[in-house]
Amino acid sequence: MTIEFPSVEPPSEHVRTEALARHAVLTKPVGSLGRLEDLGAWVAACQGECPPRPFTRPRVVVFAGDHGVAQQGVSVYPPEVTGQMVANFLAGGAAVNVLATVAGATVRVVDLAVDSDTAVGDFKVRRGSGSIDREDALTLEEAEQAVEVGRRLVDDEVDGGADLLIAGDMGIGNTTPAAVLIAALTGSEPVAVVGRGTGIDDQGWMRKAAAIRDALRRARPVINDPVALLAASSGADIAAMAGFLAQAAVRKTPVILDGVVVGAAAVVAEELAPGARDWWVAGHRSVEPAHALALSHLSLDPLLEFDMRLGEGSGAVAALPLVVMATRILAEMATFDSAGISGPA
C-alpha cells in the first residue's frame, strides 16, 4: 500500500478578503478586535462563505497509544497509566472532558496502540511500539495502516456532521517520539528539543536526551519519506494523527492544533499533504521546547500562551471559545448601516 493524499485546496482567499472587508463596516474601529478579526476571516475562508456559519459540532478525537521508549525512564508515570487514562476519558473524568463540556465540544477516544485491552480498540494497530532509540516504532505496513485509520476517522467525523476538529493525545512517553520527529524535520539538535514532559527530574532529562539523540540518529536517513519516518520514529497513535490532520485539510475542515505531540504529527502531515497547514490554527504554545520549533516550522502563531503541557487536546479546547467568538462576531455583530450608527468620518 502506498500512501497518497490528493492536492490540498487552500481556504478561499476571496472569502477571506470579503470577511476582512465586512470587519471594516461592523460597529467598531477597524482592527480593534485584533487577532479575533483575522481568526474570523480564517474561519470564513475555510467555510467558503461570509458571514461564516457558527460551529454546531466541534469534535475532539484523542489518539491513545503506548511507546516502547517509556521503558527507558523518560517519563514520571509508568506505562500502564495510558490504558487507565483511556478509561478515565470514557468516564468523563479527564481534563479534556471537562474543558470540552464548557467549550461546547464532544470527545471521542481511539486506542491505536495501548499495551492493554480497552473498550475502544476497534482501530488498534498493535500493542505498544518499538523503543525508537534502538529499533523502529512500527513496520512500514503498520505505519501505513495507522495513517489510513487517521484518514478514516476524519471521514467518519465529517460525514457525521463535525465542522471543526481537534486532535488530542494520550500516551506515556509520547513527547520523546514527538521531539524526535520535530528535530528531524526542522534540522534541530537533540538538546534543543528535550523537554520535561510529565515533570521528569534532571536524571530523567538526561535519559530522555540520550534516547532522543539515538532515535534521531536512526531517523535522519528517512527524513525525506514521511511514512518511513513515522515507522522509524513515531508510534501508531502519532502516525494516525498525522493522517487525521492531513485528511482534515483534504476534507476542507478547520482544525485547532494542540501541543507538542499534535505539533509533531502536524509537521509530518504537512509533508504528507503540502498546504494542509492552511487549514489549521495553533490553539496554544506548550512549554515543551520542541513545540515552538514545530509552530515556527509551520508558520503558525499560537492563540494562547498559558504554559500548558498536558496534551489530551486540552490547550486546543481552551482556545476553542476564541474561535467560536471570532466566528460569531462576523456572523452576528451589527454593521454601522444596520444599527443606524455613523461610521468613521
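What covers the buried residues of helix α3?

Reply: This is a predicted model, in which local features need pLDDT of at least 70 and side-chain atom pairs count only at pLDDT 80 or more, while totals for chains, interfaces and linings use all residues. Residues are numbered from 1 along each chain as its sequence is written, and side-chain values use heavy atoms, with hydrogens and water left out.

The cover of the buried residues of α3 includes β1, α4 (95–103), β2 and β3. Helices (H or I, at least four residues) and strands (E, at least two) are DSSP runs, numbered from the N terminus. Helix α3 spans residues 81–91, and its residues Val-81, Thr-82, Gly-83, Met-85, Val-86 and Phe-89 are buried; buried means under 20% relative accessible area, with a 1.4 Å probe and protein chains only. After α3 comes Gly-92, with a positive phi near 80°.

The strands β1, β2 and β3 belong to an open sheet of five strands, with parallel pairing and the order β2-β1-β3-β4-β5. Two strands pair if DSSP finds at least two bridges between them. Because β2 (106–113) and β5 (280–282) each have a single partner strand, they stand at the edges, and one side of each is left without a neighbour in the sheet.

Helix α5 (residues 140–159) also lies across β1 (58–65), β2 and β3 (164–170). Helix α10 (residues 236–250) packs on the sheet and touches β1, β2, β3, β4 and β5; contact means heavy atoms within 4.5 Å.

How values were computed:
Axes fitted to C-alpha atoms, helices over the stretch in contact; angles between N-to-C directions. Buried < 20%, exposed > 50% of the residue type's maximum accessible area, 1.4 Å probe, protein only.
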